[in-house]
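Student: I have a structure open and want to go through it residue by residue. Can we start with whatever sits along the strands and move on from there?

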Amino acid sequence: MINPSWLKKMPITSSQLNRRITIQQPTYIADGQGGQTVTWGTVPGCASVPAQMQDVPFPRKGDEDFQMMQVFATSWVIMTIRFRPSQNINDTMRVLYGTKTYEVKGVKVPDESRALIQMLCQELEATGSTH
């Protein structure tokens, strides 16, 4: 797993928050057979959040992940948003950006400053340059 110690507090301006993302949280519903079905819903107040997206600053920007007996290409990004005191953003959530879905793998509030939230996110089935 990636050590998020490289996430640092950085000043950010409104012009740097040039992406709009949607943050979703899981809801688990019993399927009646002892299992659960996961449905995703938008976190209240997080339907169109201004964000900054950066490539992860280390050599392995792309990777592979083995899930469901298949190998998937993955990529990692840091998404930075302004601090949201009314929402508890955590690593059970996911982020939608355009047609891409990112799993939140880590969340940090730099220096506990309550100014920014940085999310380490992994995109499964990365498509390379076809954005």
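Student: Is Ile29 buried, exposed or partly exposed?
Tutor: Ile29 is partly exposed, with a relative accessible area of 44%. Buried means under 20% relative accessible area, exposed means over 50%, and partly exposed lies in between, using a 1.4 Å probe and protein chains only.

Student: Where does Ile29 lie?
Tutor: In strand β1. Helices (H or I, at least four residues) and strands (E, at least two) are DSSP runs, numbered from the N terminus.

Student: Before we go on, what kind of model is this?
Tutor: It is a predicted model, where local features need pLDDT of at least 70 and side-chain atom pairs count only at pLDDT 80 or more, while totals for chains, interfaces and linings use all residues. Residues are numbered from 1 along each chain as its sequence is written, and side-chain values use heavy atoms, with hydrogens and water left out.

Student: Fine. What does Ile29 touch, not counting residues up to four places away in sequence?
Tutor: Gly35, Gln36, Thr37 and Thr39. Contact means heavy atoms within 4.5 Å. Ile29 and Thr39 are 10 residues apart in sequence, with their C-alpha atoms 7.6 Å apart in space.

Student: And Thr37, where is that found?
Tutor: Thr37 is in strand β2, and it is partly exposed at 40% relative accessibility. Leaving out residues up to four places away in sequence, Thr37 touches Thr27, Tyr28, Ile29 and Asp31.

Student: Which residues form a nonpolar patch on the surface?
Tutor: Tyr28, Val38 and Trp40, with about 300 Å² of accessible area together. Patches are made of residues with over 30% relative accessible area and no salt bridge; like charges are joined within 9 Å and nonpolar side chains (Val, Leu, Ile, Met, Phe, Trp, Tyr) within 5 Å. Accessible areas come from the Shrake-Rupley method with a 1.4 Å probe, and for residues only the protein chains shown count as cover.

Student: Where is Trp40 placed?
Tutor: In strand β2, residues 36-42. Trp40 is partly exposed at 33% relative accessible area.

Student: Now Gln24. Buried or exposed?
Tutor: Gln24 is buried, at 9% relative accessibility. It is placed in strand β1, residues 19-30.

Student: What does the side chain of Gln24 make a polar contact with?
Tutor: The side chain of Arg94, at 2.7 Å. A polar contact is a pair of N or O atoms within 3.5 Å; within protein, one must be able to donate a hydrogen and the other to accept it, and residues adjacent in sequence count only if both atoms are side-chain atoms. Setting aside neighbours within four places in sequence, Gln24 is in contact with Trp40, Gly41, Thr42, Val43, Met93, Arg94 and Leu96.

Student: How many salt bridges does the count come to?
Tutor: There are 2. A salt bridge is a side-chain nitrogen of Lys or Arg within 4 Å of a carboxyl oxygen of Asp or Glu. Glu123 pairs with Lys100, the closest N and O atoms being 3.6 Å apart. Glu123 lies in strand β8 (residues 116-124) and Lys100 in strand β7 (residues 100-108), so the pair ties together parts that are 23 residues apart in sequence. Both Glu123 and Lys100 are buried.

Student: And what does Glu103 form a salt bridge with?
Tutor: Lys105, with closest N and O atoms 2.9 Å apart. Glu103 is partly exposed at 27% relative accessible area, and Lys105 is partly exposed at 30%.

Student: How many disulfides?
Tutor: The count is 0. A disulfide is a pair of cysteine sulfur atoms within 2.5 Å. Cys46 is buried at 0% relative accessible area, and Cys121 is buried at 0% too.

Student: What is phi of Arg114 near?
Tutor: Near 60°, a positive value in a residue other than glycine. Most residues other than glycine have a negative phi. Arg114 is placed in the loop between β7 and β8 and is exposed at 54% relative accessibility.
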